[in-house]
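Here are some notes to read with the structure open beside you.

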Amino acid sequence: MDLKKECKKELTERILPFWNKLRDDENGGFYGFMDNDLKVDKKADKGVILNSRILWFYSTAYKTLGEDYLLDNARHAYEFLRDKCVDRKNGGVYWLMTYDGGVSDGMKHTYNQAFAIYALSAYYLAGGDKEALDLAFELFNTVEEKCTDDIAYMEAFSEDWKLIPNDALSENGLMADKTMNTVLHLIEGYTVLLEASGSEKVRNRLMFLLGITKNKIFDSKNNKLLVFFDRELNVIGDIHSYGHDIEATWLIDRACQVLGDKETEAEWRAINLRISDNIYNIAYENGALNNERENDKIDKKRVWWVQAETVVGFVNAYMQGGNKKYLEAAEKVMEWIETYQTDSREGSEWWGEVDYNGKPMQTVEMVNPWKCPYHNGRMCMEILGRNF
């Protein structure tokens with residue numbers, strides 16, 4: 001298989017045409033909901049995570065493909081984020097907007113701030129808009145002021161920054177004060193902000209986040225990342241998120257590359273290869289990646305974002321360690337995606353979830369506050385940008 005050719009086709013012939021149609025020129029941003037019958041609800045709420053990820057997607061697509069309309073779509077997403085999603089009184093971005101740009105849910109979440117920083121930094125790198133970079137720094141400073149405690153980062157806050165239960169990122173019947181997921185995406189956001197700015201303060205906080213990940217989140221005995229924690233970063237529950245593990249390997253490698261610290265980069269390359277090998281051995285099955293393990297129960301459904309991250313993560317492992325089993329696995333997962341994860345109906349995109357045998361489950365809508373072109377679009381652009 002020619003992975004680059006397949007990813008270029010997937011990006012230009014399926015993912016981009018699908019999302020281009022969801023631009024809302026009347027109320028700004030992009031429509032927030034499409035059901036599995038491909039019906040758009042033009043008055044559905046618009047997730048700020050969704051809009052941030054779309055901003056990142058079009059900014060990076062413009063850098064990858066160079067077509068002017070991509071930058072125009074990025075600008076359109078940026079204007080909605082700048083004008084509607086930022087709380088000018090209390091700081092930070094909201095959680096959920098109404099279709100016409102009102103506040104539907106004013107919650108402030110560290111995870112959400114991280115994605116806005118990620119998107120704004122990418123938009124600056126694509127188009128050079130200094131205003132976007134300034135806003136990214138404004139959010140960075142808000143996170144560092146409002147979200148940190150004496151250990152790491154708290155996560156869920158009210159509109160005026162009072163701590164609230166972390167329902168948004170807790171799962172499996174647990175209530176976590178802190179999560180691997182939020183730390184991972186702070187790393188992601190701060191990596192691109194550092195790339196865009198060279199800021200020493202951002203560099204220091206990125207190193208801090210990598211230290212937390214190595215010392216508290218990485219389970220060195222079992223070569224995996226722990227998922228949920230209490231306030232003191234003691235682990236709660238017995239969860240293993242296979243998709244987050246393989247996603248983390250390449251995101252952390254990228255962070256180390258941007259940092260330019262050779263010792264940190266070498267240390268993390270070794271850790272990430274251990275994580276990748278563990279995932280290959282325990283979660284790669286029947287041509288795709290299982291979802292997660294909770295206690296002794298393995299969830300074998302195939303989730304859209306997990307498959308996308310697996311392709312990138314296994315290619316990254318091949319590039320870092322040279323073992324061709326990872327490249328072959330990435331190609332197999334791409335075959336799975338093309339055969340089962342993509343929806344063959346004209347004008348559609350990817351099924352959110354399919355079962356172990358590839359049958360669509362229709363449990364996740366085509367578009368919702370979380371379902372976006374970030375994971376699958378990024379897979380395509382990452383593969384196109386790598387030499388392997």
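Predicted model: local features only at pLDDT ≥ 70, side-chain atom pairs only at ≥ 80, totals over all residues.

1. Strand 2 covers residues 96-97 and runs antiparallel to strand 1, with two bridges joining them.

2. Stepping back from that pair, the open sheet here has three strands in the order 1-2-3, with antiparallel pairing. Strand 1 (46-47) and strand 3 (103-105) are the edges; each has a single partner strand, so one side of each is left without a neighbour in the sheet.

3. Another open sheet is built from three strands in the order 10-13-14, and its pairing is antiparallel. Which strands stand at its edges? They are strand 10 and strand 14 (297-299), each of which pairs on one side only. From one strand to the next, the twist averages 15 degrees.

4. For a closer look at this sheet, go to strand 13 (residues 292-294), which pairs with strand 14 in the antiparallel sense over three bridges. E294 is found opposite K297 of strand 14. Helix 8 packs on the sheet and touches strand 10, strand 13 and strand 14. The direction of helix 8 makes about 50 degrees with that of strand 10.

5. The largest pocket holds about 670 Å³ of space. It is lined by 27 residues, and E171, N181, H244, W305 and W370 are the closest to its centre. Helix 6 (180-197), strand 10 (239-241), helix 8 (242-259) and helix 10 (304-321) each give at least two residues to this lining. What classes of residue make up the lining of the largest pocket? There are eleven nonpolar, nine polar and seven charged residues.

6. The second largest pocket has a volume of about 550 Å³. Of the 25 residues lining this pocket, W56, T60, E195, R254 and E382 lie nearest its centre. Two or more lining residues come from each of helix 2 (48-65), helix 4 (110-127), helix 6, helix 8, helix 10 and helix 12 (374-384). By class, the lining of the second largest pocket divides into ten nonpolar, eight polar and seven charged residues.

7. Helix 7 (residues 200-217) and helix 9 (residues 262-282) have axes that come within 12 Å and cross at roughly 35 degrees. The crossing of helix 7 with helix 9 is left-handed. Which residues meet there? From helix 7 they are M207, L210, T213 and K214, and from helix 9 they are T264, E267, W268 and I271. By class, this contact has four nonpolar, two polar and two charged residues.

Note on methods
Residues numbered from 1 in each chain as written. Heavy atoms only, no water. Axes fitted to C-alpha atoms, helices over the stretch in contact; angles between N-to-C directions. Helix = DSSP H or I, 4+ residues; strand = E, 2+ residues; numbered from the N terminus. Left-handed = near helix turned anticlockwise from the far one by under 90°. Contact = heavy atoms within 4.5 Å. Nonpolar A, V, L, I, M, F, W, Y, C, P; charged D, E, K, R; others polar. 1 Å grid on protein atoms, 1.4 Å probe; cavity = no way out; pocket = protein on both sides within 12 Å on 5 of 7 lines; lining within 4 Å. Points joined across faces, edges and corners; volume = space filled by probe spheres on them. Pairing = 2+ DSSP bridges.
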